[in-house]
Amino acid sequence: MSVFEHRKQTAAELVGMSNTLGASVEWLESAWTRREARICRSALLVLTLLLGVALIELSNRVDLPWPLDSLPSVHTSAISWAIGLLLLFELVEMAFAMSKSVASSVARHLQLYALVLLRDAFLKLQEFPEPIRVNSENLGYVGVMASDAFAAVLLFIASIVFQRLHRRVPITSDPSASRRFKSLKGIVVGGLLATVAGLVVYRLISFVVEVPTAPLLESYFTVLVFADVLLAFMSLAFADHPAIVFRNFGFAFAAILLRLAVTAPEYIRPMLGIGGAVTAIVITLAYRSAVRSETASENEDAKKDTAGPGVDPGSGP
């Protein structure tokens, strides 16, 4: 077998593997989005909230054995636990969104960080006494909660505006190239799902074995930045419109702002999150303008070709 034939066979095997992985991701997404799966996730969230409240109440009355001996004493902590589980579900949703389109993943990215801000706002409830009341000692937490919650609302609105503004243009007019790009995205999505599973398993192990803890959200958002940049580089091989490449790299920069916001101090993280949303919307407007201008130019060239040489397509008979 010649070197050329060997390389051709290797390429065919890689394409087959990517297609298989892409089909597996589609099956997982179909199973995840089924009504039965949504009911199970909802029931698990309700159970987490109620069980959390019950355990906290029990720990306030009796001494519980390890590992329940370090539970917080404030019942509102159970809300944070339930929202944390919801965030975990949203991480999976975020991964599946990347298999659809880059724009869909950006919208989910904004919604995911909005949920992170809401979780941070609920976490501050642990600083209040029960029953909840505001005094001079915890007044500062009210401002932090208000800024996080207000920014979360703005981010959710921004995600809706972004989805309405975005104009869907196929990355390429070649169906086979489009299928190959989708298969490559399936590999990226599979990597994200494996990352979520690995981070969760490592976090569970850290409760039993003393190992260095890895913040789940921070780690995942970092991986998302690399995934966005990777997809932007992949799009160079398939994009028919240069504006698509610019848009994808711009969205990757918006993802970097959101990643910085995850670990930013109070009052700074909402501003960085809103900055990421504004960046994504401005890039979308620039992308729409570029596509509109390119389409108008192509239509004008088509009119000139139809009219023939030396004939002004805008002139009358």
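A residue is called buried when its relative accessible area is under 20%, exposed when that area is over 50%, and partly exposed in between, using a 1.4 Å probe and protein chains only. By that definition, 38% of the 317 residues of the chain are buried. The structure is a predicted model, in which local features need pLDDT of at least 70 and side-chain atom pairs count only at pLDDT 80 or more, while totals for chains, interfaces and linings use all residues. Residues are numbered from 1 along each chain as its sequence is written, and side-chain values use heavy atoms, with hydrogens and water left out.

**Overall architecture**

- The chain has nine helices and zero strands, where helices (H or I, at least four residues) and strands (E, at least two) are DSSP runs numbered from the N terminus.
- Among contacts with a separation of 6 or more, 74% join residues 24 or more positions apart, a contact being heavy atoms within 4.5 Å.
- The accessible surface of the chain is about 17800 Å², and carbon and sulfur atoms account for 66% of it; such areas come from the Shrake-Rupley method with a 1.4 Å probe, and for residues only the protein chains shown count as cover.

- Helix H2 (residues 35-61) has 27 residues and should span 39 Å at 1.5 Å a residue, which agrees with the 39 Å between its end C-alpha atoms; the expected span is 1.5 Å times one less than the number of residues.
- The buried residues of H2 include Ala-37, Arg-41 and Leu-45, as well as Gly-52, Ile-56 and Ser-59.
- Trp-32, which lies in helix H1, is buried because its relative accessible area is 19%.
- Leaving aside residues up to four places away in sequence, Trp-32 touches Ala-37, Arg-41, Phe-89, Val-92, Glu-93 and Phe-96.
- Between Trp-32 and Phe-89 there are 57 residues of sequence separation, while their C-alpha atoms are 9.9 Å apart.

**The nonpolar core**

- The largest nonpolar core has 54 residues, of which Met-98, Tyr-113, Phe-162, Tyr-220 and Phe-221 touch the most other members; such a core is a set of buried Ala, Val, Leu, Ile, Met, Phe, Trp, Tyr and Cys residues joined through side-chain atoms within 4.5 Å.
- At least two residues of this core come from each of H1 (3-32), H3, H4 (102-123), H5 (139-165), H6 (175-208), H7 (216-235), H8 and H9, and H4 gives the most, with eleven residues.
- Gly-273, in helix H9, is buried because its relative accessibility is 0%, and beyond residues up to four places away in sequence it touches Tyr-113, Leu-155, Leu-258 and Ala-261.
- Gly-273 and Ala-254 are 19 residues apart in sequence, with 8.9 Å between their C-alpha atoms.

**Loops**

- Trp-66 sits in the loop between H2 and helix H3 (77-100), and it is exposed because its relative accessible area is 57%.
- Tyr-267 sits in the loop between helix H8 (242-262) and helix H9 (268-307), and it counts as partly exposed because its relative accessibility is 41%.
- The phi of Tyr-267 is near 75°, a positive value in a residue other than glycine, whereas most residues other than glycine have a negative phi.
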